[in-house]
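Subject: Structure handover

Hello,

Please find the structure below. My notes on it follow.

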Amino acid sequence: MQLHEYQAKEILNNSEVPIPDGKVAKSGKEAQEIAFSLGGNCVVKAQVHAGGRGKAGGIKLANNPDEASEHADNMIGSSLKTFQSGDTEFPINEVYIEEASSILKEYYLAVTMDFDFKCPVIIFSTEGGMNIEEVAEKYPDKIIKIHVDPLIGPSPYKIRNLISVFKFDKEISSQLYKIINQLYGIFISNDCTLIEINPLALVEGNNLVALDAKITIDDDALFRHKDLVKLFDEAQINKSELNAQKNDLAYIKLSGGEVGCMVNGAGLAMATMDITMKAGALPANFLDVGGSASEERIMEAYNIITSDDDVKLILVNLFGGILRCDIAARGIIEGFKKYKKSVPMVVVLRGTNSEDAKNILKESGMEIYFSDDLPNAAEEINKRLGR
Amino acid sequence: MKNILNKDSNKVLVQGLGRDGSFQTEKCIEFGTEVVAGVHPTKAGENFKGIPIFGSVDEAVSQTSPDIGLIFVPAPFASDAIIEQVDAGIETVVCITEGIPVNDMLKVNNYIKGKKVRLIGPNCPGFLIPRKKLKVGIIPGSIVTDGKVGVVSRSGTLTYEAIVQLTMLGIGQSACVGIGGDPLHGTSFVDVLEMFEEDQNTEAIVMIGEIGGTREQAAAQMIKNSISKPVVASIVGQTAPEGRRMGHAGAVITGKSALASEKIKSLKSAGVYIADSPTEIGLRLKELI
């Protein structure tokens, strides 16, 4: 789960990581008031779940409260598409008004998980303000990684070594030392998968401040962070994906596809997409109904797929393991009855209780073409799409 | 540590006998698995299909001496169950549970480091050895046949897909092992490949990888250096959009090495036979034997 910049900054501020003064605004008028209280000179930043806002026009400088109000009015109610967001347009419902900083130098600092090393990693670079992937490619020697033993935490000597590589003066070193420890603490206590400060800026007065902040929380750990769940801005993801999320379905809409996929298991779901593509048709979505899907969950999955107007045909590929095919079959029929939407289906059912499931579906009166295996299903897809 | 494929005693303890756990345990027993104990915090003293249920793993271990622990405990409590089984001295721990927080698995991975335990999973279908009538997990018993091909995969249902293809072509399996889809997991491809290389009942190997991480590259390196048996591999997620999490926490494409094309390249250079489509896994293997 991703947070907005202003939410991330509040978390940083609560742990005493230095940030510029700022406040979130929902209208031009609010923006004006905040800008006034900040002394007029400020930055207006669109609050969306996408990186690369600056280049896309989502970050504007204002010299006075009126300008801040104007920028805010222009942004709020519009949407933003950045080079990092692909085809998605993110709605701007809030802007963050922040005092302008005079930047002397920009750094990059992040804490994330290094799955190859099976531990958290602190990443620091002297090349802040840039896309870190680009830095990694062009200047790999300007990135330093500190792997952290989760039982020990960030070892002081490792941070000292990092600081000495870049020859920081004493004052900045001690600030950086403190910020790294604070960020690591936030990372662990909030079950983050990523905290990224880009840039961590050295501003006038020789102070380090977090100019931007990105925090992503581990979805699987949200059950123990009810306070954070409340922060989630539902407007930032599309309606189907939101609906899927609420029903514990892993769903991703793929643009331009025509074959809706309903599969259990992420691996099989990806394979099903690959096979659809190889058969000459485009998958309309990735959908994993999960291991132990209930009737209700399958019903909602059916609703989500059939709500997509691009979908001309549905490929159901279920392999019962922990999932019971008969339960899934009932869910499909319930979805058909409740949402009254019907799209022809190619169905492959195998594993736990799959024979029962076939019988249940056969009696439903829905337009269903059964296939015994995936190669057959691929042929059936072509046939049904008239190819 | 002894190869899990070649142990003489395979008594199983099941922790977590809720709706799914009970259903799946029954399927394991039907397959022929020797389930000796159940563990459930509120069902101690009861029995499940004649198998005694204990309140703690310790108690179950002292009375029934299981060799393998199987976990169906819900995600918020699953990491504690793994640690409980490790502390009780169970050498092979199989965790089926999906959705365990990364931080919890981080602690588990550190805790078991250097300890005499083999953890399989989490978020995996477990393992199955047809020859021994041993099914530890949720791989459907109806689709397997005894034979000489070892199957290893990150994905549960895709493992079944590969098994079915083999079975339909009359190719039996020596063992099927699902290592799980989470980025922080116990047993890796490399570990299982090592077991298959050692195992006299395995003559060829099927490996199914997916986008995300660099596990397949590690496997490729290992195959190049120390696997003498033929390997067929398939990598799924070729059509996945970049930067999106595809259900498996591990299957996020970040960085070039996580791409299907990179993984295929490194496996090919290690002499692995690639099934271009997941529907061709069985056929590719048949060409080899």
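How many residues of chain B are in contact with chain A? The count is 48 residues of chain B against 44 residues of chain A, two residues being in contact if their C-beta atoms, placed from the backbone, lie within 7 Å.

Before the rest, the conventions. This is a predicted model, in which local features need pLDDT of at least 70 and side-chain atom pairs count only at pLDDT 80 or more, while totals for chains, interfaces and linings use all residues. Residues are numbered from 1 along each chain as its sequence is written, and chains are lettered from A and ligands numbered from 1 in the order in which they are written.

On the side of chain B that touches chain A, at least two residues each come from α1 (19-31), α3 (75-87), α4 (102-112) and α5 (156-168) of chain B. Helices (H or I, at least four residues) and strands (E, at least two) are DSSP runs, numbered from the N terminus. By type, this side of chain B has 22 nonpolar, 19 polar and 7 charged residues. Here Ala, Val, Leu, Ile, Met, Phe, Trp, Tyr, Cys and Pro count as nonpolar, Asp, Glu, Lys and Arg as charged, and the others, Gly among them, as polar.

Chain A

Chain A has 13 helices and 18 strands. Its C-alpha atoms fill a box of roughly 75 × 50 × 40 Å along the principal axes. Of its 387 residues, 47% count as buried (20 or more other C-beta atoms within 10 Å of the residue's own, with C-beta atoms placed from the backbone). Among contacts in chain A between residues at least 6 apart in sequence, 70% join residues at least 24 apart.

An open sheet of 4 strands in chain A has the order β1-β6-β2-β3, with antiparallel pairing; two strands pair if DSSP finds at least two bridges between them. At the edges are β1 (22-25) and β3 (59-62) of chain A, each pairing on one side only. From one strand to the next the twist averages 25°. Helix α3 (residues 65-75) of chain A packs on this sheet and touches β1, β2, β3 and β6 of chain A, with its direction at about 5° to that of β2(A). Axes are lines fitted to C-alpha atoms, for helices over the stretch in contact, and angles run from 0 to 180 degrees between N-to-C directions. Strand β2 (residues 42-46) of chain A is joined by 5 bridges to strand β6 (residues 95-99) of chain A, and Cys42(A) stands opposite Glu99(A) in β6(A).

Chain B

The domain assignment, automatic or from a database, gives domain 1 (1-123) and domain 2 (139-289) of chain B. Their centres, taken over C-alpha atoms, are 25 Å apart. Domain 1 of chain B puts 17 residues into the contact and domain 2 of chain B puts in 13. On the domain 1 side, α4(B) gives the most, with 4 residues.

Strands β8 (residues 126-129) and β9 (residues 134-137) of chain B pair in the antiparallel sense over 4 bridges, with Phe127(B) partnered by Val136(B). Their hairpin has 4 residues between the strands, and Lys133(B) takes a positive phi near 50°.

The axes of helix α7 (residues 215-226) and helix α8 (residues 260-269) of chain B come within 8 Å and cross at roughly 5°. That makes α7(B) roughly parallel to α8(B) (angles under 35 degrees). Glu216(B), Gln217(B) and Ala220(B) in α7(B) meet Lys263(B), Ser266(B) and Leu267(B) in α8(B).

Regards

Definitions and conventions
Angles under 35 degrees count as roughly parallel, over 145 as roughly antiparallel, 65 to 115 as roughly perpendicular and the rest as oblique. A residue is buried if 20 or more other C-beta atoms lie within 10 Å of its own, exposed if 12 or fewer, and partly exposed in between; C-beta atoms are placed from the backbone.
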